[in-house]
Amino acid sequence: MRIEKSIFRYIEHEMYSYKSTKRELALCREDIIEGTAQVEKEGSRGSTISDPTGAKSIKLASSTFLAKAERTLKAIDRSLDILGDKHTELFKLRYLEGRPWREVYLEMNISDRSYFRLRRELVISVGLNLGLLREDD
């Protein structure tokens, strides 16, 4: 499967950002839920009705950041569940801990070719789960 360089880099960027995306997602949800968001609607007599619970629900459901972050995290998690332990170890060492690739393949006790194959398989799986890649490409 051929992957455009920009798409490959974008997918890797999302994997490098996994921890921060997870943290930002939790903070954003907390801000919305704990916040004092209010939506005011016109009542039948011109008065306004405040519905903080409804406003929070609308914000949670309509936030583009929340939707994108959840979709990205689920795609990565789904890929790690489908792929083997070696892929998970590579993800942890390279993308979560940010170790250099040479250090990763040495610690994993694999060849550099195996490292790049595992990395490519992981990127492809995440790309497929994100809908950025298609099986027939």
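Guide: A contact, in what follows, means heavy atoms within 4.5 Å of each other. With that in hand, among contacts in this protein between residues at least 6 apart in sequence, 62% join residues at least 24 apart.

Visitor: What kind of model is this, and what is its mean pLDDT?

Guide: The model is a predicted one, and the mean pLDDT of the protein is 86, with 79% of its residues reaching 70 or more.

Visitor: OK, the overall layout then. How many helices and strands are there?

Guide: The protein has 7 helices and 2 strands, and from the N terminus on, its elements run α-α-β-β-α-α-α-α-α. Of the 137 residues in the protein, buried residues make up 35%.

Visitor: Let's start with helix 1. At what angle does it cross helix 7?

Guide: The axes of helix 1 (residues 5-16) and helix 7 (residues 112-130) come within 10 Å and cross at roughly 90°. Since angles of 65 to 115 degrees count as roughly perpendicular, helix 1 and helix 7 are therefore roughly perpendicular to each other.

Visitor: Which residues make that contact?

Guide: From helix 1 they are Phe8, Ile11, Glu12 and Met15, and from helix 7 they are Arg119, Arg120, Leu122, Val123, Val126 and Gly127. Sorted by class, the contact of helix 1 with helix 7 has 6 nonpolar, 1 polar and 3 charged residues.

Visitor: And helix 4, how does that one lie against helix 1?

Guide: The axes of helix 1 and helix 4 (residues 64-82) come within 10 Å and cross at roughly 95°, and the two helices are therefore roughly perpendicular to each other. On the helix 1 side, Tyr10, Glu14 and Met15 meet Lys68, Thr72 and Ile76 of helix 4. The residues of this contact divide into 3 nonpolar, 1 polar and 2 charged.

Visitor: What about alanine 69, buried or exposed?

Guide: Alanine 69, which is found in helix 4, is buried, because its relative accessible area is 3% and buried means under 20%. Leaving aside residues up to four places away in sequence, alanine 69 touches Thr21 and Leu25.

Visitor: Which residues does threonine 21 touch in turn?

Guide: Threonine 21 touches Ala69 and Leu73, again not counting residues up to four places away in sequence. Threonine 21 has its place in helix 2, and with a relative accessible area of 11% it is buried.

Visitor: How far apart are the C-alpha atoms of alanine 69 and tyrosine 18?

Guide: They are separated by 9.2 Å, although alanine 69 and tyrosine 18 are 51 residues apart along the chain.

Visitor: New topic: how many aromatic pairs turn up in the whole structure?

Guide: A search of the whole structure finds 7 aromatic pairs. One of them is formed by tyrosine 18 and phenylalanine 91, whose ring centres are 5.4 Å apart and whose planes stand at 90°, so the pair is edge-to-face. This pair links distant parts of the chain, with tyrosine 18 in helix 2 (residues 18-34) and phenylalanine 91 in helix 5 (residues 85-96), 73 residues apart.

Visitor: Are those two buried or exposed, and which aromatic cluster do they belong to?

Guide: Tyrosine 18 and phenylalanine 91 are both buried, and they form one aromatic cluster together with Tyr16 and Tyr95.

Visitor: Now the outside. What is the relative accessibility of arginine 2?

Guide: Arginine 2, placed in the segment before helix 1, has 72% relative accessibility and so counts as exposed. The C-alpha atoms of arginine 2 and isoleucine 124 are separated by 9.6 Å, while the two residues are 122 apart along the chain.

Visitor: Last one: what phi does asparagine 109 have?

Guide: Asparagine 109 has a positive phi of about 60°, although it is not a glycine. Most residues other than glycine have a negative phi. Asparagine 109 is found in the loop between helix 6 (101-107) and helix 7, and it is exposed, with a relative accessible area of 70%.

Conventions:
Residues are numbered from 1 along each chain as its sequence is written. This is a predicted model: local features need pLDDT of at least 70, side-chain atom pairs count only at pLDDT 80 or more; totals for chains, interfaces and linings use all residues. Side-chain values use heavy atoms; hydrogens and water are left out. pLDDT is the predictor's confidence in each residue, from 0 to 100. Axes are lines fitted to C-alpha atoms, for helices over the stretch in contact, and angles run from 0 to 180 degrees between N-to-C directions. Helices (H or I, at least four residues) and strands (E, at least two) are DSSP runs, numbered from the N terminus. Angles under 35 degrees count as roughly parallel, over 145 as roughly antiparallel, 65 to 115 as roughly perpendicular and the rest as oblique. Ala, Val, Leu, Ile, Met, Phe, Trp, Tyr, Cys and Pro count as nonpolar, Asp, Glu, Lys and Arg as charged, and the others, Gly among them, as polar. Buried means under 20% relative accessible area, exposed over 50%, partly exposed in between (1.4 Å probe, protein chains only). Rings of Phe, Tyr and Trp (its six-membered ring) pair if their centres lie within 6.5 Å; planes under 30 degrees apart count as stacked, over 60 as edge-to-face and the rest as tilted.
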